[in-house]
Amino acid sequence: MQASPTHGFWNLPTNAALHGHALDAHLLLNLWIALSLVALAHLILLLGLAIRTRTTNLTHQLLLEYLPLTALTLLFAFLAFRSERLWAAQRYTGADLSAMQVEVTGVQFAWYFRYPGTDAAFGNTKLSLVAPAEANPLGLDPTDPHSTDDIVSSQLVLPANREVDLTLRAQDVIHGFSVPEMRLKQNAIPGQTVHIHFTPETPGDYAILCTQVCGLGHYRMTATLRVLPSAAFNTWLQSKEAKP
């Protein structure tokens, strides 16, 4: 599994997703502002101790108290507005209709990834049919014709530079789906269907983690996201579709 390289003064994991550039820029802006405010607060404290002057002048009071307070209020309002727009673009704005559809299912203690196959439709699943020992970990219904060509994989393979709409599910408990390099983190909750979309940009292998303590085997609930160039992905998909 490919290691996660880091970059920059703040030692962030390398970004490999289209939406990650805006997220990183906002995060770095927050961090630099926080660092600047900490330095400024210490500077003001040291100057106050060094000068030790008292004044009741109203102008000085406005400059020293109300003006900085107003500036901080406007600053944090700007950061909150900007972060809300970034969050809405990722969570409240749906994926494009042409986005690739992949279903992600978390189960103690593994991730499974399902592709709809040549008919571009997911088949029905039933919990009563779940049988990992019989090569049916998701409980695909054999009586549903849409299930016959579904592809189930223990590795998430995606094409670079194409938007992907992930449908997150969980069979048993809450699992946290996270890929740091793709700037993704979303809980998969039993009984709920959660969507998250993104566009991977950089080919390579990336670790998929579970960020929720889901039981004694939580430590081994990992998988691999493999991002391939478009031609290589089409070859991989065709090889999976050709298998009976």
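Strand E6 and strand E12 (residues 223-228) run parallel and are joined by four bridges. Two strands count as paired if DSSP finds at least two bridges between them. Helices (H or I, at least four residues) and strands (E, at least two) are DSSP runs, numbered from the N terminus. Across this pairing, Val157 stands opposite Arg226 in E12. Buried means under 20% relative accessible area, exposed means over 50%, and partly exposed lies in between (1.4 Å probe, protein chains only).

The model is a predicted one, in which local features need pLDDT of at least 70 and side-chain atom pairs count only at pLDDT 80 or more, while totals for chains, interfaces and linings use all residues. Residues are numbered from 1 along each chain as its sequence is written, and side-chain values use heavy atoms, with hydrogens and water left out.

E6 and E12 belong to an open sheet of five strands with mixed pairing, in the order E6-E12-E11-E8-E9. Its edge strands are E6 (156-159) and E9 (184-188), each of which pairs on one side only. From one strand to the next, the twist averages 25°. Angles run from 0 to 180 degrees between N-to-C directions, and axes are lines fitted to C-alpha atoms, for helices over the stretch in contact. Further along this sheet, strand E8 (residues 175-179) pairs with strand E11 (residues 204-210) in the antiparallel sense over two bridges. Here Phe177 has Cys210 in E11 as its bridge partner. In general, strands of a sheet pair through backbone hydrogen bonds, either parallel or antiparallel.

Another open sheet of five strands has the order E5-E4-E3-E7-E10, again with mixed pairing. Strand E5 (151-153) and strand E10 (194-198) are at its edges with a single partner strand each, so one side of each has no neighbour in the sheet. The twist in this sheet averages 25° from one strand to the next. Strand E7 (residues 164-170) and E10 run antiparallel and are joined by five bridges. Within that pairing, Leu166 has Ile196 in E10 as its bridge partner.

What lies across strands E3, E4 and E5? Helix H3 (residues 230-242) lies across strand E3 (100-107), strand E4 (110-115) and E5, and runs at about 110° to E5. Contact means heavy atoms within 4.5 Å.

The next topic is charge. Side chains of opposite charge can pair when their charged atoms come close. A salt bridge is a side-chain nitrogen of Lys or Arg within 4 Å of a carboxyl oxygen of Asp or Glu, and by this rule the count comes to six salt bridges. One of them joins the side chains of Glu103 and Arg169 (2.8 Å, N to O). Glu103 lies in strand E3 and Arg169 in strand E7, so this pair ties together parts that are 66 residues apart in sequence. Glu103 is buried, with a relative accessible area of 5%, whereas Arg169 counts as partly exposed at 33% relative accessibility.

Arg114 forms a salt bridge with Asp150, with the closest N and O atoms 2.6 Å apart. Because Arg114 lies in strand E4 and Asp150 in the loop between E4 and E5, the pair ties together parts that are 36 residues apart in sequence. Both Arg114 and Asp150 are buried. Glu103, Arg114, Asp150 and Arg169 are linked in a network of salt bridges.

Lys126 and Asp141 also meet in a salt bridge through their side chains (3.7 Å, N to O). Lys126 and Asp141 are 15 residues apart, each in the loop between E4 and E5. Lys126 counts as partly exposed at 42% relative accessibility, and Asp141 as buried at 8%.

Leu43 is in helix H1 (residues 20-51) and is partly exposed, with a relative accessible area of 45%.

Taken as a whole, the protein chain has three helices and 12 strands. Of its 244 residues, 36% count as buried.
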